[in-house]
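Colleague: I would like to go through this model with you. Could we begin with a single position and then widen the view?

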Amino acid sequence: MSGTGKFALVTGAGSGIGRAAALGLQAAGYSVALAGRRAAGLEATAASANPHGGQMLAIPTDVGKPESVDALFATIKDAFGRLDLLFNNAGIGAPGVPMEDLSYEQWSAVVAVNLTGAFLCAQHAMRMMKAQQPRGGRIINNGSLSAHAPRPNSAPYTATKHAITGLTKSIALDGRGFDIACGQIDIGNAGTEMTVRMAAGVPQANGTTMPEPTMDVRHVADTIVYMASLPLDANVLFLTVMATKMPFVGRG
């Protein structure tokens, strides 16, 4: 791998938003480390790379396990030598059942990936960004509209996404003196494998089930590329990109 240019890490890069963001960054010239639990998905993302863009490096990783994140960043340091951008995107949900019916294991699994995984990756990224020359870099956390308002029966996912907002603010503050910028993107109904079911209808707060509109996931990728393009003395702290007609603003 070349030691020049800009280098990014995208977690959850084997599908959906992570894949779209990784491909957008790669087309913009970043060399991108692709992290995720399924090697086949990461390889499929790498195979879709723009031939005129940066390089792709697939690194199977479980971000909820400290030893796996240790190995991820050791590989990045050996291959890239530095890290300019981390997109903390990996996330999972729990079954959509009443909160009292969730098991401890189901709760813990969501916390491990969505919150602890983001913390571990940010921690390693900040160490690298403080030590490298030129110093600094950018961290973008994937929040979700659930950082603002829950869907029915989504306590683990919603709680972790609210927590991501606190993590974003803390990184932005603690990284300020080291040229590390941190922002959060909250995404609503991007068209991915996860949102296909919305066409058939999803539960609403009033107890009904109704279809919801989605937007092309490339708009999310374009937004990530924009946030990444800013100089380190400018930062998008919070940004929402959503399907215009989804039932988020207002009362249903």
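**From one residue to the whole chain**

Modeller: This is a predicted model. A22 has a relative accessible area of 0%, so A22 counts as buried, the cut-off being under 20%.

Colleague: In which helix is A22?

Modeller: A22 belongs to helix α1, which covers residues 16-27.

Colleague: And what does A22 touch, leaving out residues up to four places away in sequence?

Modeller: With those left out, A22 touches V10, V32, L34, T45 and M56.

Colleague: How far is A22 from A58 in space?

Modeller: The C-alpha atoms of A22 and A58 are 11 Å apart, while 36 residues separate the two in sequence.

Colleague: Let us turn to the nonpolar cores. How many residues does the largest one have?

Modeller: The largest nonpolar core has 33 residues. Those with the most contacts inside this core are L25, V32, F87, I185, I187, V220 and I224. At least two residues of the core come from each of β1 (7-11), α1, β2 (31-36), β4 (85-88), β6 (180-188), α6 (218-229) and β11 (238-242).

Colleague: Which residues is I224 in contact with, its neighbours within four places aside?

Modeller: Beyond those neighbours, I224 is in contact with A21, L25, F87, I140 and I185. Another core, of 32 residues, lies apart from the largest one, and its members include V63, A90, I139 and A172.

Colleague: A change of topic: T61. Is T61 buried or exposed?

Modeller: T61 counts as buried, because its relative accessibility is 4% and the cut-off is under 20%. T61 sits in the loop between β3 (56-60) and α3 (66-79). Setting aside neighbours within four places in sequence, T61 is in contact with A35, G36, R37, S68, V69 and L72.

Colleague: And the whole chain: how many helices and strands?

Modeller: The protein chain has six helices and 11 strands. Its radius of gyration is 18 Å, close to the 18 Å given by the globule rule for 252 residues, so the chain is as compact as a globular protein of that length.

Colleague: What share of the residues is buried?

Modeller: Of the 252 residues, 48% count as buried. The chain exposes about 11800 Å², of which carbon and sulfur atoms supply 57%.

Colleague: Finally, where do the charges lie on average?

Modeller: The mean positions of the 19 positive and 17 negative charges are 5 Å apart.

Notes:
Residues numbered from 1 in each chain as written. Predicted model: local features only at pLDDT ≥ 70, side-chain atom pairs only at ≥ 80, totals over all residues. Heavy atoms only, no water. Helix = DSSP H or I, 4+ residues; strand = E, 2+ residues; numbered from the N terminus. Rg over C-alpha atoms; globule rule 2.2 N^0.38 Å. Buried < 20%, exposed > 50% of the residue type's maximum accessible area, 1.4 Å probe, protein only. Areas by Shrake-Rupley, 256 points an atom, 1.4 Å probe, with all protein chains shown as cover. Lys, Arg positive; Asp, Glu negative; His and termini not counted. Charge placed at Lys NZ, Arg CZ, Asp CG, Glu CD. Contact = heavy atoms within 4.5 Å. Core = buried A, V, L, I, M, F, W, Y, C linked by side-chain atoms within 4.5 Å.
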